[in-house]
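Here are some exercises to work through with the structure open beside you. Try each task before you read its solution.

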Amino acid sequence: MAGEAAGAVPPLYRCLEPVFTDAGLVMGEAAASWSGPRRWWRGALDVEGLALGSVGAAAAALNFLTGRRGRFGTTAALAAAAFDSYGHLRIDGRKIQGFAPLSGFRRTRDGWIRLHANYPHHVQRLMQALDATTADGVAAALAAMSSLEAEAAIQARGGIAAAVRSRQEWLNSGMGSAARTGPWIDLRLAGSGSAGPKPRHLPGDDPFRPLAGVRVLDLTRVIAGPVSTRLLGSLGADVLRLDPPGLPEITDQFVDTGFGKRSAEADLATPGNRHLLEQLLATADVVITGYRRGSLNRFGLEPEMLLAVRPELVVVTLDSWGIAGPWSGLRGFDSIVQAATGIAELYGAGNHDGEWQPGALPVQALDHATGYGVAAAAIALLARRRHKGLGGSARLSLARTAEELFALPEPGLPRPELPAPELCTMASTYGELRYAGPPLLVDGQPLDYPGPPAAYGSSALAWA
């Protein structure tokens, strides 16, 4: 990426090089521009570099897709605002709810643990694991256990927790070793079978909507996956998000990541819905999944199976811990990955009583960076399909994104304050929304979302 301010931006888009090479194109021709200060958040890690680099990867993929060098770029202000979209969102003037009371850092007998209990079923599993019925009971149970004992007990019940590890403790673990393996975006290019028809409307005539006509099946929840499909929707794709009934999404979180999409609920275990899913898959262009490894296999949604039937399809998967290592099948969240990988310890500080406690990144950067990496992979593979009639798959994980962050050089630049972001407003079924727009410039102009979030579960299992 080329910028107006001092300090190089990590070229995370180089993970996409196999797609460019396969299409016979030169990687540097797609590099995206950026402008603004290079450093603005406080902390020991280059979170700004991760933000600019991941957004830059999506912009580079778009330049590759459209064949227009420099058409898509970003700015420091746009990237910073988008990475804190949850913090900027207002619904009818109301600031949205953050972490639930039981989520956060808690003391153990020998240190600290991070809990995630934003969803009712996770609260239930946490309480069962600790044989507790109240928050005080949770605190008492944790105080009698070591961090690793508590982590193991909660994980065994399907709860979400991670001991606060030092960086070295993480590196010495089997999971830490597995997370450092492979590229940030792990690509697999479809190369066998009959190539399918090339997309009819790719790229679109509207420079702001180059994905018009592209159908995206969104099987993701929480933040990282929905961030990726929110960006694809902002570029004109028909995004249909599909959620299981009985596990409703947190409303504020859904609104934040729901712009430009439709939303459906369906139990895929029923024969009728399985048939509708098969119809969607038969004409989808992109499938993005964000559940823990293996949990969607019973529905035939493994990338290898999908591409065996339709080698022109684009399939991108993301999870918390990756496909290797002892935690590869566990649930996880940005905050939990921060605790496990050493980020929480690195960002720890004294509280108002002078007592040390763990800390967190200034934004949920692992979620957002992974989301923009997912979008970059999907767009690059769509470009390959345009050139060759073949798609492919890609895998990302929050843990691998954390390793990418740690691999960046220690930031040492000044920290100028960014001006307050220019927020947008839009009417919706949830009320008037005030929000940060997508982190992209198109021919120098900021991109916006084409519409508000649909009401949760209000859409049919069909393309628009």
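**Exercise 1.** Work out how α2 passes α16 in this predicted model, and which way the two helices run.

*Solution.* Start with the handedness: the crossing of α2 over α16 is left-handed. Next, take the geometry. Helix α2 spans residues 47-66 and helix α16 residues 365-388; their axes lie 8 Å apart, at an angle of about 15 degrees. Angles under 35 degrees count as roughly parallel, so α2 is roughly parallel to α16.

**Exercise 2.** Find the residues through which α2 and α16 meet, and sort them by class.

*Solution.* On the α2 side, look for V47, L50, S54, V55, A57, A58, A61, L62, F64 and L65. Their partners in α16 include Y372, I379, L382, R386 and H387. Sorting the residues of this contact gives 17 nonpolar, two polar and one charged.

**Exercise 3.** Describe the largest pocket: what is its volume, and which element gives the largest share of its lining?

*Solution.* The volume is about 840 Å³. Of the 36 lining residues, R221, G290, Y291, R292 and S295 lie nearest the centre. Helix α5 gives the largest share, three residues. By class, the lining has 18 nonpolar, eight polar and ten charged residues.

Methods:
Residues are numbered from 1 along each chain as its sequence is written. This is a predicted model: local features need pLDDT of at least 70, side-chain atom pairs count only at pLDDT 80 or more; totals for chains, interfaces and linings use all residues. Side-chain values use heavy atoms; hydrogens and water are left out. Axes are lines fitted to C-alpha atoms, for helices over the stretch in contact, and angles run from 0 to 180 degrees between N-to-C directions. Helices (H or I, at least four residues) and strands (E, at least two) are DSSP runs, numbered from the N terminus. Angles under 35 degrees count as roughly parallel, over 145 as roughly antiparallel, 65 to 115 as roughly perpendicular and the rest as oblique. A crossing is left-handed if the near helix is turned anticlockwise from the far one by less than a right angle, and right-handed if clockwise. Contact means heavy atoms within 4.5 Å. Ala, Val, Leu, Ile, Met, Phe, Trp, Tyr, Cys and Pro count as nonpolar, Asp, Glu, Lys and Arg as charged, and the others, Gly among them, as polar. On a 1 Å grid over the protein atoms alone, a cavity is a set of points where a 1.4 Å probe fits but cannot get out, and a pocket is an open set with protein on both sides within 12 Å along at least five of seven lines; lining residues have an atom within 4 Å of a point. Grid points are joined across faces, edges and corners, and a volume is the space filled by probe spheres set on the points.
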